[in-house]
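Please examine the structure shown below before reading on. The report that follows describes its overall form and then turns to selected parts.

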Amino acid sequence: MASVLGKFFFHTFITSRFYLRGMKMIRFPHPLVLLVGFIVLACLLSYVLPAGVFERHTDAATGREVVVAGSYHRVKETPVSPLQAMVDIPKGLQDAASVIFLVFLAGGAFTVVDQTGALRSGVDWLLTKFRGREAIVIPIISVLFATMGALENMQEEIVPLVPVLLILMRRIGYPTLTAAAVSLGSAAVGAAFSPLNPFQVGIAQKLAQLPLLSGGGFRLVFLALALLIWIGGTVRYAVRHRVQPDTADEADPAAAVHQGRNHGLVLLLLFITFAFFAFGVLQLGWEFEQMAALFFGLGILAGLLGGLGLTGTAEGFIDGFRDIAFSALLIGFARAIFVVLEQGQIVDTIVNGLSAPLAGLPAWLSALGMMGVHTALHLPVPSVSGQAVLTMPLLVPLSDLIGLSRQVTVLAYQYGAGLCELLTPTNGALMAIVAACGVRFDEWWKFALPLYLLLLALGALAVVVGIALGI
């Protein structure tokens, strides 16, 4: 086993080096073209793959519809026509409406806050405190987002925060890609290695009939190692690509002194909003509608406190809507891919085809195979919670048969599915944030893939160690 694992790490290193060279010749298409291409591919697959479904029942522990192991059966073919695939795009937008409206309203609110000058004032204060030690800003922000990822699988909620991060990174002189890395990237790593993320490990452990938070200490060790890898890679990239800091938007000093009190009140309001947001999500079980309402209220109060008046506040919201529109719509286009696959009734076919070969493998190899299955599945099934309820009822009985612990089965799901959030174009939040940062998707891949491969290798190590320790 040790020699096989050593070969795995070696091939991971070689693959990342080969990829970096290959990326110099590869350029991804425009994000909208890329997503429409996946919609077309999903449409074509509905003609090629046989339609099939699993039977489902409501799980008492989670209240979610889960599949019945061994119940897969063929059904009448329902290929998706090109016209229907086009109709599925607005259906995808409709399915993702609550997220899209959150992005619009929160994006508008942060534009209002920015137009008061409070954000720049806050960034100036922060940079003064860390002058000469700007690199430490990245670990601090990364840990904050990783914590939110570990606690509540934070993703779409990050999109409206991107303008704030862009101001900070530009004032330090770091490339705009760094804003995506410290936010979405850190949150995804925190979520994938989390000991308590309710939307990943929480649901998976319930479906596997494991105590919540079981194996928490083991997961925390590898979470710390994962964050070291991601934060280290982000700092290295930021420092190597640092440019002359952008001071073009720096406020006039006299005006800053005159408005200092108002800026302080707006920033205080912003911090109170973040605190209430965290409380609402973690304690009150807020949905996206409540989050959107909170940020809308933030924008109104910030505009009035910041001296914009009612008209200026309204115009600030409009500016924000315009700037965030493309990023918000990408979320709906990404959702449309799953709508097409679901209408073609081939999602369960893909799941069954990938999971069936695992039964004949040794336990440790089957566990690594499960990671591969979850990685492959996360493209057509971009929801981590949806992937859990789809796959865990199939893989848990399989793990019992081959002598693999259920805890390791959950680990394989976490690392395989969760880490894919860093790369897959069907992740609407990723596409939206990268676009909001003005970064091409191939540039993001060039940065993220080597770190992803290292994290995947770390996940494989955790799985093998977990088997050896009998967790």
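## Overall form

What percentage of the 471 residues in the protein chain is made up by buried residues? In this predicted model, buried residues make up 53% of the chain. A residue is called buried when its relative accessible area is under 20%.

The protein chain contains 20 helices and four strands. Its radius of gyration is 23 Å, close to the 23 Å that the globule rule gives for 471 residues, so the chain is as compact as a globular protein of that length. The C-alpha trace spans about 75 × 50 × 45 Å along its principal axes. Of the contacts in the chain with a separation of 6 or more, 81% are accounted for by residues 24 or more positions apart. The accessible surface of the chain comes to about 20,100 Å², and 67% of this area belongs to carbon and sulfur atoms.

## The nonpolar cores

In soluble globular proteins, nonpolar side chains tend to be buried together. The largest nonpolar core in this model has 136 residues. Those with the most contacts inside this core are Phe193, Trp230, Tyr415, Leu419, Leu422, Trp444 and Tyr452. Helix α20, residues 441-469, gives the most to this core, with 14 residues. Another core, of 15 residues, lies apart from it and includes Val66, Leu210, Ala388 and Val389.

Which residues does Trp230 contact, leaving aside its neighbours within four places in sequence? They are Ala181, Gly185, Ser186, Val189, Leu422, Trp444, Phe447, Ala448, Leu451 and Leu455.

Helix α8 covers residues 177-192, which is 16 residues. The distance from its first C-alpha to its last is 21 Å, close to the 22 Å expected at 1.5 Å a residue. At Gly185, α8 bends by about 30°; Gly185 is also one of the residues in contact with Trp230. Why can α8 be described as largely enclosed by the rest of the structure? The reason is that 16 of its 16 residues are buried.

Helix α2, residues 31-48, has 18 residues, which should span 26 Å at 1.5 Å a residue; its end C-alpha atoms are 26 Å apart, which agrees. The buried residues of α2 include Pro31, Leu34, Leu35, Phe38, Ile39, Ala42, Cys43 and Ser46. An α-helix has 3.6 residues a turn, so residues three or four places apart point the same way. The buried residues of α2 pack against α3 (82-95), α14, α19 (428-436) and α20.

## Two glutamines in loops

Gln209 has a positive phi of about 60° although it is not a glycine. This residue is placed in the loop between α9 (198-207) and α10 (216-240). With a relative accessible area of 67%, Gln209 is exposed.

Gln345 is likewise not a glycine, and has a positive phi of about 55°. The loop that holds Gln345 lies between α14 (309-343) and α15 (347-355). Is Gln345 exposed or partly exposed? At 25% relative accessibility, Gln345 counts as partly exposed.

## Phe276 in helix α12

Phe276 is found in helix α12, which covers residues 260-282. At 39% relative accessibility, Phe276 counts as partly exposed. Leaving aside its neighbours within four places in sequence, Phe276 is in contact with Trp286 and Leu294. Phe276 and Gln205 are 71 residues apart in sequence, and their C-alpha atoms are 29 Å apart in space.

Note on methods: Residues numbered from 1 in each chain as written. Predicted model: local features only at pLDDT ≥ 70, side-chain atom pairs only at ≥ 80, totals over all residues. Heavy atoms only, no water. Expected span 1.5 Å × (residues − 1). Bend = angle between axes of the 7 residues up to and from the residue. Buried < 20%, exposed > 50% of the residue type's maximum accessible area, 1.4 Å probe, protein only. Rg over C-alpha atoms; globule rule 2.2 N^0.38 Å. Contact = heavy atoms within 4.5 Å. Areas by Shrake-Rupley, 256 points an atom, 1.4 Å probe, with all protein chains shown as cover. Core = buried A, V, L, I, M, F, W, Y, C linked by side-chain atoms within 4.5 Å.
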